[in-house]
Amino acid sequence: TFTNAVSNSNSNYNTSTSTASVKRYCVIVGSYENQSGAERVLQQVKNNGYSSAKIVYGDGRYRVAATSFSDMQSAKASRNTLIKQYEGAWILDTQK
């Protein structure tokens with residue numbers, strides 16, 4: 001749940017994960033004003049094989065990150081795959 005969100009010390013973003021924090025570049029497949037909308041999509045994304053998907057909160061939005069990477073090149077490759085299934089997938093730099 002989001003009450004267990006951990007702060008990414010390098011940014012203003014929080015992630016709903018009980019494991020490692022999200023990496024710098026997140027491939028976002030959905031962005032929501034409320035947590036419940038993001039949680040529904042998060043479950044769908046996980047059911048589609050992205051078991052490490054997370055909710056990233058920042059700027060008043062709950063964003064569903066299907067994948068995250070420490071380098072932009074890997075994030076772009078993942079986005080190019082995800083955009084076929086999730087129209088409008090985009091990359092969030094959590095350190096900006």
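**Entry 1: Ser78**

I began with Ser78, which is found in helix H2, residues 72-82; helices here are DSSP runs of H or I with at least four residues, strands are runs of E with at least two, and both are numbered from the N terminus. I looked up the accessibility of Ser78 and found 11% relative accessibility, which counts as buried; buried means under 20% relative accessible area, exposed means over 50%, and partly exposed lies in between, with a 1.4 Å probe and protein chains only. Leaving aside neighbours within four places in sequence, I noted that Ser78 is in contact with Val27, Thr67 and Phe69, where contact means heavy atoms within 4.5 Å.

**Entry 2: what kind of model this is**

I reminded myself that this is a predicted model, in which local features need pLDDT of at least 70 and side-chain atom pairs count only at pLDDT 80 or more, while totals for chains, interfaces and linings use all residues. Residues are numbered from 1 along each chain as its sequence is written, and side-chain values use heavy atoms, with hydrogens and water left out.

**Entry 3: the whole chain**

I listed two helices and six strands in the protein chain, and read along the sequence they follow the pattern β-β-β-α-β-β-α-β. Buried residues make up 43% of the 96 residues in the protein chain. I also looked at contacts between residues at least 6 apart in sequence, and 67% of these join residues at least 24 apart.

**Entry 4: helix H1**

I checked the length of helix H1, residues 35-47: at 1.5 Å a residue its 13 residues should span 18 Å, and its end C-alpha atoms are 18 Å apart, which agrees. The expected span is 1.5 Å times one less than the number of residues.

Which residues of H1 are buried? I found Gly37, Ala38, Val41, Leu42 and Val45. Seen down the axis of H1, these buried residues fall within an arc of 135°, so they line one face of the helix; the arc is that of the directions from the helix axis to the C-beta atoms. The face turned away from the buried side of H1 carries the exposed residues Arg40 and Asn47. What covers the buried residues of H1 includes strand E3 (25-32), strand E4 (54-58) and strand E5 (61-69).

I picked out Gly37 in helix H1, which at 7% relative accessibility counts as buried. The C-alpha atoms of Gly37 and Arg63 are separated by 9.6 Å, although the two residues are 26 residues apart along the chain. After H1 comes Gly49, whose phi is positive, near 105°.

**Entry 5: salt bridges**

Side chains of opposite charge can pair when their charged atoms come close. I counted two salt bridges in the structure, a salt bridge being a side-chain nitrogen of Lys or Arg within 4 Å of a carboxyl oxygen of Asp or Glu.

In one of them, Asp93 pairs with Arg24, and the closest N and O atoms are 2.8 Å apart. Asp93 lies in strand E6 (residues 90-93) and Arg24 in the loop between strand E2 (14-15) and E3, so the pair ties together parts that are 69 residues apart in sequence. Asp93 is buried, with a relative accessible area of 12%, whereas Arg24, at 29% relative accessibility, counts as partly exposed.

Not counting residues up to four places away in sequence, Asp93 touches Arg24 and Tyr25.

Arg61 also forms a salt bridge, with Glu33, and here the closest N and O atoms are 3.6 Å apart. This pair links distant parts of the chain, since Arg61 is in strand E5 and Glu33 in the loop between E3 and H1, 28 residues apart. Arg61, at 25% relative accessibility, counts as partly exposed, and Glu33, at 66%, counts as exposed.

**Entry 6: aromatic rings**

A pair of aromatic rings is described by the distance of the centres and the angle of the planes. Rings of Phe, Tyr and Trp (its six-membered ring) pair if their centres lie within 6.5 Å, and planes under 30 degrees apart count as stacked, over 60 as edge-to-face and the rest as tilted. By this rule I counted one aromatic pair. The rings of Tyr57 and Tyr62 have their centres 4.5 Å apart and their planes at 50°, so the pair is tilted. Is Tyr62 buried or exposed? Tyr62 is buried, with a relative accessible area of 15%, while Tyr57 is partly exposed at 26%.
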